[in-house]
Amino acid sequence: MGRHEQREQVFRLLFQVEFYDPQEMPRQMRLFLEGNEDITSSKDADRIEARCQAVREKISQIDTLIDENTEGWDRNRMGKVELTVLRLAVYELRFDDDIPAGVAIDEAVEIAKKYGQEGSGGFVNAILGKIAKLGD
C-alpha cells in the first residue's frame, strides 16, 4: 500500500474521532483495521494506526492552529470531512518533517475533493496555505 492509500485510510479512521468518545476509539480503531479489506498487511495496519494515534495526540494543538487561521469559520460549523482533512494535513505540516508541505497540501485537497462537498478542496487549500506560510 502506497503513502496515498495509507493517508486515505488514516483519514477514514480519523474521521471517526468526531463520532466516538475518546475511550471508545481504541476499540473502533481495531474494528476498522480488522474489517478493512483494503488493508492487506499488518505493516500497513500498524502504520495507519500509529499515524492516527499521533494525530489524535496533537488534536488540541492542531485545532488551535486551525482556529487561528480560519476567519469567519467556527470549527464546530465546519463539515466533518473538511475538519478531519485539515487535522491530518496540519499534523503533516507541523509535526512530520518527512512530508514536504506541498505534498501534504496536495494530498489533503485531493481527499477533500473526493469525500467532501463542492468547494471543499478550495476551502482546505486556503486554510492550509495560510498555515504553511507560518512555518516559512
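Reader: Which residues of helix 4 are buried?

Author: This is a predicted model, in which local features need pLDDT of at least 70, side-chain atom pairs count only at pLDDT 80 or more, and totals for chains, interfaces and linings use all residues. Residues are numbered from 1 along each chain as its sequence is written, and side-chain values use heavy atoms, with hydrogens and water left out. Buried means under 20% relative accessible area, exposed over 50% and partly exposed in between (1.4 Å probe, protein chains only), while helices (H or I, at least four residues) and strands (E, at least two) are DSSP runs numbered from the N terminus. The buried residues of helix 4 are I59, I62, D63, L65 and I66.

Reader: Which residues of helix 2 are buried, and what arc do they fall within?

Author: The buried residues of helix 2 are M25, Q28, M29, F32 and L33. Seen down the axis, they line one face of helix 2, because they fall within an arc of 130 degrees.

Reader: What covers the buried residues of helix 2?

Author: Contact here means heavy atoms within 4.5 Å. What covers the buried residues of helix 2 includes helix 1 and helix 3.

Reader: Which members of the largest nonpolar core touch the most other members?

Author: A nonpolar core is a set of buried Ala, Val, Leu, Ile, Met, Phe, Trp, Tyr and Cys residues joined through side-chain atoms within 4.5 Å. The largest has 42 residues, and those touching the most other members are V85, L86, V124 and L128.

Reader: Which helix gives the most to this core?

Author: Helix 1 (3-15), helix 2 (25-34), helix 3 (42-57), helix 4 (59-68), helix 5 (80-95), helix 6 (101-115) and helix 7 (120-135) each supply at least two residues of this core. With nine residues, the most comes from helix 5.

Reader: Which residues does L86 touch, leaving out those up to four places away in sequence?

Author: L86 is among the core residues that touch the most other members. Not counting residues up to four places away in sequence, L86 touches I66, M78, F123, V124, I127 and L128.

Reader: Is F95 buried, partly exposed or exposed?

Author: F95 is placed in helix 5, and F95 touches K58, Q61, I62 and V90, not counting residues up to four places away in sequence. The C-alpha atoms of F95 and K58 are separated by 8.9 Å, although the two are 37 residues apart along the chain. Because its relative accessibility is 29%, F95 counts as partly exposed.

Reader: What is the relative accessible area of E8?

Author: E8 is found in helix 1. Its contacts, not counting residues up to four places away in sequence, are I111, K114 and Y115. E8 is buried, with a relative accessible area of 10%.

Reader: Which residues is K80 in contact with, leaving aside neighbours within four places in sequence?

Author: K80 is found in helix 5 and is partly exposed, with a relative accessible area of 33%. Leaving aside its neighbours within four places in sequence, K80 is in contact with F15, E18 and F19.

Reader: What is the volume of the largest cavity?

Author: On a 1 Å grid over the protein atoms alone, a cavity is a set of points where a 1.4 Å probe fits but cannot get out, and a pocket is an open set with protein on both sides within 12 Å along at least five of seven lines; lining residues have an atom within 4 Å of a point. Grid points are joined across faces, edges and corners, and a volume is the space filled by probe spheres set on the points. A search of the whole structure finds one cavity of 30 Å³ or more. The largest cavity has a volume of about 40 Å³.

Reader: Which helix gives the largest share of the lining of this cavity?

Author: The largest cavity is lined by R7, F11, V85, L88, A89, E92, A104, A108 and I111. The largest share of this lining, four residues, comes from helix 5.

Reader: Which residues lie closest to the centre of the largest pocket?

Author: The largest pocket holds about 280 Å³ of space. Of the 14 residues that line this pocket, the closest to its centre are R3, Q6, R51, D96 and I99.

Methods. The arc is that of the directions from the helix axis to the C-beta atoms.
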